[in-house]
Amino acid sequence: MATLDTGATEIRASSATLLEGARAKQKRSTAQLARWILLFLGGVLMVMPIAYMISTSLKWPFEVYNVSLIPEEPHLENYAYVLEDGRFYNWFVNSLVIATITTISSLFFDSLIGYTLCKFRFRGRYLVFIAILSTLMIPTEMLVIPWYLMSQSFGWLDSYWGIMFPGLMTAFGVFLMKQFFETVPDDFLEAARIDGLNEFQIWWTVAMPMVRPALAALASFIFLGNWTAFLWPLIVTTSSELYTLPVGLSSFGDEADVQWELIMTGAAISTIPTLVVFLIFQRFIIRGVVMAGLKG
Amino acid sequence: MLSYQNLTIKQKRTVWAWMFLAVPILFFVVIRFYPTFNAFVLSFQEWNLLGARTWTGLDNYVRLVEDPVFWKVFANTFIYLLLGTPISLVLSFVIAYHLDQIRFAHGFLRALYFLPFMTSAVAMAWVWRWFYQGVPIGLFNNILASVGIGQIAFLNSTTWALPAVLAPAVWAGLGFQIIIFMAGLRAIPRSYYEAAKIDGVSWWTVLWEITLPLLKPTIVFIVVFSSIGFLRIFDHVFNMTTNDPGGPLNATKPLVLMIYETAFDSFNMGYAAAQTVVLFLILLIVSLIQLRVLRDR
């Protein structure tokens, strides 16, 4: 009887803790729900400026001043108008060409330098690395005046080359790629060497494919950086035909009596491509940010 | 006769290495080192692009110290830093801390916060500029009017303009910092939290005694990175105040905008170069102080 009794109390006690556990769990899940809703609202607030930009680019002039996010009669006339004008099309092409060439050049050279500094043993290697790394300390703003003077004396002002030359290689990319080539085992390279490949072939066909994720991350950074670059393109270009999208948009917005829905259309044209790239390569880009942040 | 065939394998590889590095070394010398050197030299000279380059010693620096606009700009630059860095640090940590504990639709929420980072500063400056207009154009003032609060002349007021320009800069950088913070949070070993749970420690104590101390390297990185960004603010200011760059009454003008105007509106190349040297020193000193303070503690 006594044993049964204690057994019953035990059962009661354990059911009490179970109940308590369930209650705590419920409380936790309510808290979790509240957290989710608050984070969601915050996130919606974060994308509001982008949403308003796109929504206004689809509105007629008469409803631009309406706070409503959803256009009454969405239409693409603003895009047709802005693109027909020809300038935005021109600037878009300029931005695309410049961002693509600088990205390819940086990827090629940054990884070649990073690979050489990581996998070759020779005197002066450390010095070259430190020298390249030290340029990270120098702000672009300090270089633009000498770059301008240089471009002026070589006739590079107002040309694609003039816009692109400062970004053909990046110290950050060299550093990042050097870190990633550390993960490539030397045995692979040695095996290729025995197979009779020359050093360039070893780098290009053996080492490069092994750091593809790092290349993808670096590519997205450099492309984004060049696509949105403003200060140097603003300085080096003077004729409208050579403007990049940010410089063009800035001058377009500045013109007298330009309507806001057209400015928003121009802003959307320069923003949508990078947003699409992000939505497609989201995982890569986020992983890239983390890699760059932790390694850098 | 020294030919490639007669070299040892090690020597051959050294030849390859220098071949790979030849063009890059030329690039870094001509496009990075020489211009840096040139900027320092130019800061001791006077030149308006047309006349002769003349040595003026420390004149440009003396002129800078005596220029009231420079001190206004200097103060603005630090206000951008002192408002922007702490606000974005706290906001991004709070969001990352909570987002880290969410499983349902985690990727979707993360994307919402990260999206602004992918935008172009110029495009977004124009969007925010539109938000800040007065009734009936601007969104913010329309909302204020509908709740019955008086109008705020955001970009035309000497008190409101600077925070108004800073807001989109903070907004755009937040997503990047959140991602970095979440990676830092993930790197903290679970065992610390489990031990704390067994000891029955409150979440507040866990936050202050475990999470934040272990997150220190991440915090150092974000503080240094975002400080450099705010000290170099330009795109947002230039595009939100184009009628009167850096206005009203220089209330929003940062150092980089002053450099731009001195060099490319007034063509005082030497004076502008001296300003860039000051910017370089500010960036260097601020980064070194932060690394020191945050590492030691």
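Between chains A and B, 65 residues of chain A are in contact with 68 residues of chain B, two residues being in contact if their C-beta atoms, placed from the backbone, lie within 7 Å. On the side of chain A that touches chain B, at least two residues each come from several helices, including helix H1 (2-57), helix H3 (87-119) and helix H13 (260-295) of chain A. Helices (H or I, at least four residues) are DSSP runs, numbered from the N terminus. H13(A) gives the most to this side, with 15 residues. By residue type, the side of chain A that touches chain B divides into 49 nonpolar, 12 polar and four charged residues. Here Ala, Val, Leu, Ile, Met, Phe, Trp, Tyr, Cys and Pro count as nonpolar, Asp, Glu, Lys and Arg as charged, and the others, Gly among them, as polar.

This is a predicted model, in which local features need pLDDT of at least 70 and side-chain atom pairs count only at pLDDT 80 or more, while totals for chains, interfaces and linings use all residues. Residues are numbered from 1 along each chain as its sequence is written, and chains are lettered from A and ligands numbered from 1 in the order in which they are written.

The predictor gives the complex an ipTM of 0.91 and a pTM of 0.90. For chain B, the mean pLDDT (the predictor's confidence in each residue, from 0 to 100) is 91, and 99% of its residues reach 70 or more. Within chain B, confidence is highest in H3(B), at a mean of 96, and lowest in helix H6 (residues 139-147), at 86.

Leu82(B) lies in helix H3 (residues 68-99) of chain B. Leu82(B) counts as exposed because it has 12 C-beta neighbours inside 10 Å, the cut-off for exposed being 12 or fewer.

Definitions and conventions: A residue is buried if 20 or more other C-beta atoms lie within 10 Å of its own, exposed if 12 or fewer, and partly exposed in between; C-beta atoms are placed from the backbone.
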